[in-house]
Amino acid sequence: MPERNTEFGKYGARGIKGHEAVARQLDVLAGFIVTPVSAWRGLQARLHYLTRTDRARAAARAAGLTVTDRTLRAWLKGTRRPSRVNLDRIEQAYRTVRRHNVARHLLARLNRDGRGTRVEFHPLNQSQVDRPRQRVVSYRSLNVRHWDRIVEAWAHDDDVALDDVWVDDAAADLGSEWGQYEYVTNIGFAA
């Protein structure tokens with residue numbers, strides 16, 4: 001695709017891919033548990049979220065948390081502590097289930113019955129780039145009306161699909177300058 005950066009940062013520019021900034025913002029809007037899984041309180045909150053109903057247990061198993069019910073009860077009571085590998089599995093299962101659970105509500109808030117959501121593109125940081133190599137990239141904003149494929153790719157934690165969808169469905173609406181916003185310092189929106 002024309003204008004895709006192949007050597008980003010060669011002259012000192014700093015930023016992140018646009019789809020990564022979108023995924024971060026969607027994670028913020030999803031409202032994950034803030035306390036880390038390594039802390040007792042964070043572990044208990046995640047385990048309660050993943051085990052409070054039969055449907056939640058099934059979703060946790062589908063997301064990769066494949067321990068016995070006896071082990072889960074021991075973790076919940078505090079008689080046993082999960083290993084580091086199991087803590088990572090609990091965190092991954094929690095994030096997967098939480099993304100799946102909030103995707104539908106988040107999608108409705110972002111689409112707003114076809115009105116969409118205003119998105120702010122904050123340009124990449126060029127403070128470390130030599131003056132003659134700096135380019136003029138200004139702050140931009142636009143209204144994204146179709147979030148369906150973006151939220152679906154985020155809910156399935158598919159970075160490649162999210163990158164493609166973000167460029168095709170949102171950044172392309174920036175016109176001929178869309179390639180300048182492949183890397184950004186931040187992308188902001190609220191729902």
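Which strand does Thr185 lie in? Thr185 sits in strand β4, residues 183-188. The model shown here is predicted, so local features need pLDDT of at least 70, side-chain atom pairs count only at pLDDT 80 or more, and totals for chains, interfaces and linings use all residues. Residues are numbered from 1 along each chain as its sequence is written, and side-chain values use heavy atoms, with hydrogens and water left out.

**View 1. The whole protein chain has 7 helices and 4 strands.** Helices (H or I, at least four residues) and strands (E, at least two) are DSSP runs, numbered from the N terminus. Follow the sequence along and you'll read the pattern β-α-α-α-α-α-β-β-α-α-β. The C-alpha trace spans about 65 × 40 × 25 Å along its principal axes. Of the 191 residues, 41% count as buried; buried means under 20% relative accessible area, exposed means over 50%, and partly exposed is in between (1.4 Å probe, protein chains only). The chain exposes about 11000 Å², and carbon and sulfur atoms supply 48% of that. Those areas come from the Shrake-Rupley method with a 1.4 Å probe, and for residues only the protein chains shown count as cover. As for contacts (heavy atoms within 4.5 Å), take those with a separation of 6 or more: residues 24 or more positions apart account for 74% of them.

**View 2. Thr185 in strand β4.** Is Thr185 buried, partly exposed or exposed? Thr185 is partly exposed, because its relative accessible area is 39%. Leave aside the neighbours within four places in sequence, and Thr185 is in contact with Arg14, His122, Pro123, Leu124 and Asn125. Arg14 is 171 residues away along the chain, yet the C-alpha atoms of Thr185 and Arg14 are separated by 7.6 Å.

**View 3. Helix α6 packs with helix α7.** Two packed helices are described by the angle between their axes and the distance between the axes. Here α6 (residues 148-155) and α7 (residues 159-170) pack at about 165°, with axes 9 Å apart. That angle is why α6 counts as roughly antiparallel to α7. Axes are lines fitted to C-alpha atoms, for helices over the stretch in contact, and angles run from 0 to 180 degrees between N-to-C directions. Under 35 degrees counts as roughly parallel, over 145 as roughly antiparallel, 65 to 115 as roughly perpendicular and the rest as oblique. The crossing of α6 past α7 is left-handed, which is the name used if the near helix is turned anticlockwise from the far one by less than a right angle (right-handed if clockwise). On the α6 side, the contact is made by Arg149, Ile150, Ala153 and Trp154. On the α7 side, look for Ala161, Leu162, Val165, Trp166 and Asp169. By class, that gives 7 nonpolar, no polar and 2 charged residues. Ala, Val, Leu, Ile, Met, Phe, Trp, Tyr, Cys and Pro count as nonpolar, Asp, Glu, Lys and Arg as charged, and the others, Gly among them, as polar.

**View 4. The buried residues of α6.** These are Ile150, Val151, Ala153, Trp154 and Ala155. What do they pack against? Their partners are α1, α5 (84-111), β3 (140-144) and α7.

**View 5. Helix α1 packs with α7.** Now α7 turns up beside α1 (residues 18-30), at an angle of about 105° and with axes 9 Å apart. The two helices are therefore roughly perpendicular to each other. Gly18, His19, Val22 and Ala23 in α1 meet Asp159, Leu162, Asp163 and Trp166 in α7. The contact has 4 nonpolar, 2 polar and 2 charged residues.

View 6. Asp157 follows α6 and is found in the loop between α6 and α7. Asp157 is partly exposed, with a relative accessible area of 44%. Arg112 lies in the loop between α5 and β2 (117-123). At 38% relative accessibility, Arg112 counts as partly exposed.

**View 7. Asp88 and His105 in helix α5.** Asp88 is partly exposed, with a relative accessible area of 42%. The C-alpha atoms of His105 and Asp158 are separated by 19 Å, and the two are 53 residues apart along the chain.
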